[in-house]
Amino acid sequence: MGQAYGFFEIPSVTAAVVAVDIMCKTAEVEMVTWEKKLGGRLVTIIIRGDVSAVTQAIETAAANGIKEPVAYVVIPSPHEEVLKLVNNSANRIA
């Protein structure tokens, strides 16, 4: 299967760290970046990997995290414009 990106938005930095831990332990995915908004009260995590791995990681974190996610989605083979947004975000944090 092709490369996919997963977006997972959750309230609180602590819940985000727990979600990343769950995702990375569940499937072979890597965290690309994260965005903290509203002083860390809302965090968007971006991961990537194979479509099946990203889907499994996102669904497991949604079901087993310490807080309910606000939103999440898996985008298989994202358009290059989406990749530009993700790369800009990752470069800003580095």
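**View A. Glutamate 35 pairs with lysine 37 in a salt bridge.** The closest N and O atoms of glutamate 35 and lysine 37 are 3.4 Å apart. A salt bridge here is a side-chain nitrogen of Lys or Arg within 4 Å of a carboxyl oxygen of Asp or Glu. Glutamate 35 is buried, at 16% relative accessible area. Lysine 37 is partly exposed, at 46%. Buried means under 20% relative accessible area, exposed over 50%, and partly exposed in between (1.4 Å probe, protein chains only).

This is a predicted model: local features need pLDDT of at least 70, side-chain atom pairs count only at pLDDT 80 or more, and totals for chains, interfaces and linings use all residues. Residues are numbered from 1 along each chain as its sequence is written, and side-chain values use heavy atoms, with hydrogens and water left out.

**View B. Arginine 48 forms a salt bridge with glutamate 30.** Their closest N and O atoms lie 3.1 Å apart. The pair links distant parts of the chain: glutamate 30 sits in strand 2 (residues 29-37) and arginine 48 in strand 3 (residues 42-50), 18 residues apart. Helices (H or I, at least four residues) and strands (E, at least two) are DSSP runs, numbered from the N terminus. Arginine 48 is partly exposed at 23% relative accessibility. Glutamate 30 is also partly exposed, at 41%.

View C. Glutamate 81 is partly exposed, at 42% relative accessible area. Lysine 84 is partly exposed, at 45%. The structure holds four salt bridges.
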